[in-house]
Each structure stands twice: as structure tokens, then as C-alpha cells.
Amino acid sequence: MPEDSEPGGHESPDDSASTAHTLELLCHLDNTAHGSTACVTWEPTGDGKRVISLADNHILLWDLQESSRQAVLASSASLEGKGQLKFTSGRWSPHHNCTQVATANDTAVRGWDTRSMSQTYCIENAHGQLVRDLDFNPNKQYYLASCGDDCKVKFWDTRHVAEPVKTLEEHSHWVWNVRYNHSHDQLVLTGSSDSRVILSNMVSISSEPFGHLVDDDDLSDQEERRPEEKSQEPPQDSVIATYEEHEDSVYAAEWSSADPWLFASLSYDGRLVINRVPRALKYHILL
């Protein structure tokens with residue numbers, strides 16, 4: 001993107017609307033030989049030189065070289081089995097030095113090691129119907145969320161994939177999107193073709209299941225005299241809020257990369273809705 005059009009520029013909205021900015025093509029990802037592309041995902045950390053694309057039954061690791069306008073195919077792997085296998089979604093884990101990728105095809109979820117492009121785990125019937133989306137917990141390295149056409153959101157420990165750790169059944173139609181909050185992983189956002197966006201508090205499987213832990217040494221004498229507060233039960237998983245501003249299927253829901261309390265959702269009719277985490281919950285998490 002041109003530097004003068006980046007966020008923080010001093011142009012007025014009228015000025016930016018009157019001049020069309022030309023985008024510079026840095027690199028072309030020639031995926032046509034492998035079929036139609038279902039997903040492209042950047043390496044979560046690093047210098048932004050590696051990309052994975054999913055095309056039909058192929059998982060492709062690309063190296064974006066500065067000296068070339070053409071991406072170089074570094075390695076690849078293919079799904080093998082009966083029928084026409086096609087990937088529907090994929091997510092690159094920010095953990096394990098970015099060597100782990102999760103993919104979805106039909107009702108299955110698979111893990112891949114990008115160093116050898118070999119399969120590391122497979123959840124054959126992760127959902128009763130098509131798996132639509134995946135997301136990794138940003139703070140717990142083995143935790144993965146999935147959602148699908150069975151109206152469910154499931155949370156998995158990739159070390160023990162026989163059963164999900166937790167299942168949410170709050171939507172009444174296909175769940176297209178699941179997203180962990182980048183900072184506070186108990187906050188989980190889902191969007192569905194029931195036209196609703198649901199914000200859930202999955203505190204029991206978060207990185208802080210008991211809230212903020214405080215050492216006894218840090219407590220004052222006055223605080224130690226209140227035993228009834230120590231015996232409080234840990235917070236319970238719950239639906240924080242259901243947002244019904246959309247009148248059509250919600251196909252995308254994303255957290256802001258700049259503000260951890262802000263999120264947006266987009267529906268089929270083109271309506272973009274921006275919402276905030278309820279203030280009471282925000283302060284409960286922070287304090």
C-alpha cells in the first residue's frame with residue numbers, strides 16, 4: 001500500500017475518496033496448477049516471507065522472495081483417500097516456532113508439520129457435518145477451536161484428539177467463523193448463518209481458568225481475614241452476549257489487531273457491524 005494512505009495519514013476523507021491509490025504488486029502466487037484456492041494464510045511470526053495456501057487437496061508452502069515477483073513453491077503435500085478430497089479451511093499455529101498448521105476437509109481436522117509436510121494428527125469426525133473454520137488459542141499451544149455445519153463449536157487439545165475438551169451449541173445454523181481474542185483467550189467470537197454473532201467466555205479452558213492468581217505473600221493482613229472470599233468458586237463458562245444486528249448470514253467475525261476489546265462482523269447483505277466487549281466484563285478481566 002502507498003505510504004501516504006496508511007493509517008495515521010493526515011488526509012481528510014474527501015481527499016482520499018477523490019484520488020484512487022495504485023497498489024504495488026509485490027508477488028504473484030500462481031496457484032492455478034493445483035486447483036481452486038480455498039485458503040491462504042501468512043506465517044504468524046517472522047519476516048512475512050512464508051505463506052501457506054490450500055488448493056483442492058494440496059497444501060502448499062510458498063517462499064515469497066524479495067528479488068522475484070513470483071512466489072517459489074518450497075514444499076507441498078496432498079490429501080490421499082477415497083473420493084474428491086478438498087480442503088475448506090486452514091490455520092497456521094503461532095506456537096512451536098511456526099511449524100504447525102491445522103487444516104479442515106469435509107468433517108475432518110488434520111495437523112501438519114511444515115518442516116516435513118507430514119501429518120501429525122487427524123480428527124476424523126471432528127464435526128457431524130462440514131468443518132468451516134479453525135483457530136488456535138494464542139496463549140495455550142495445544143488448544144484448537146473448530147466450527148461447522150452441525151451448528152457446534154468445539155475445542156480440542158491436539159495431544160488427545162479422541163474427544164473435544166469442550167463443545168458449544170449456542171447457534172441454530174451453520175457456524176462459519178470462530179476466533180480467539182488475541183490477548184484474552186477466554187473470549188471467543190463466533191458468527192453463523194443464523195444471523196447472530198455470539199461472544200462466549202470460555203474461562204475454564206483458558207490460560208487463566210481461576211482468574212488472576214495472587215500469592216498469599218502479596219495479601220495484606222486485612223485481606224487474609226476474609227476467608228469467605230478465598231473460597232469463591234472459579235468463574236464459569238458462559239455466553240457473554242448475543243448480537244443480532246445482522247439480518248442475514250454472518251460469514252466473518254474478527255477481533256481488532258489494535259484494540260483487544262473491539263470486534264467486527266460482516267454478513268451476506270454487506271452489513272459491517274463493529275461492537276465492543278461489555279465494559280463490566282472488560283474490567284472484571286483486567287481487575
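Two strands count as paired if DSSP finds at least two bridges between them, and the strands themselves (E, at least two residues), like the helices (H or I, at least four), are DSSP runs numbered from the N terminus. The model on your screen is predicted, so local features need pLDDT of at least 70 and side-chain atom pairs count only at pLDDT 80 or more, while totals for chains, interfaces and linings use all residues. Residues are numbered from 1 along each chain as its sequence is written, and side-chain values use heavy atoms, with hydrogens and water left out.

**Stop 1: the sheet that begins with E5**

Select strands E5, E6, E7 and E8, which form, in that order, an open sheet of four strands with antiparallel pairing. Strand E5 (89–92) and strand E8 (118–123) stand at the edges and have a single partner strand each, so one side of each is left without a neighbour in the sheet. From one strand to the next the twist averages 20°, where axes are lines fitted to C-alpha atoms, for helices over the stretch in contact, and angles run from 0 to 180 degrees between N-to-C directions.

Now keep E5 and strand E6 (residues 100–105) in view: they run antiparallel and are joined by four bridges. If you pick Gly 90, you will find that its bridge partner in E6 is Thr 103.

**Stop 2**

Not counting residues up to four places away in sequence, His 95 touches Asn 137, Pro 138, Asn 139, Lys 140 and Gln 141, a contact being heavy atoms within 4.5 Å.

Next select Asn 97, which also lies in the loop between E5 and E6. With a relative accessible area of 74%, Asn 97 is exposed, and its phi is near 55°, a positive value in a residue other than glycine.

**Stop 3: Cys 151**

Move to the loop between strand E10 (143–148) and strand E11 (153–157), where Cys 151 lies. Although Cys 151 is not a glycine, it has a positive phi of about 70°.

**Stop 4: the sheet that begins with E13**

Select E13, E14, E15 and E16, an open sheet of four strands in that order, with antiparallel pairing. Its edge strands are E13 and strand E16 (238–243), each of which pairs on one side only, and the twist averages 20° from one strand to the next.

Strand E13 (residues 175–180) is mostly covered, with five of its six residues buried. Five bridges join E13 to strand E14 (residues 187–192), and the two run antiparallel, while a hairpin links them through six residues.

In strand E15 (residues 197–201), pick Ser 200, which counts as buried because its relative accessibility is 2%. Leaving aside neighbours within four places in sequence, the residues in contact with Ser 200 include Leu 168, Gln 186, Leu 187, Val 188 and Ser 238.

**Stop 5: strand E19**

Finish at Leu 272, found in strand E19 (residues 272–276), which counts as exposed at 56% relative accessibility.

Methods. Buried means under 20% relative accessible area, exposed over 50%, partly exposed in between (1.4 Å probe, protein chains only).
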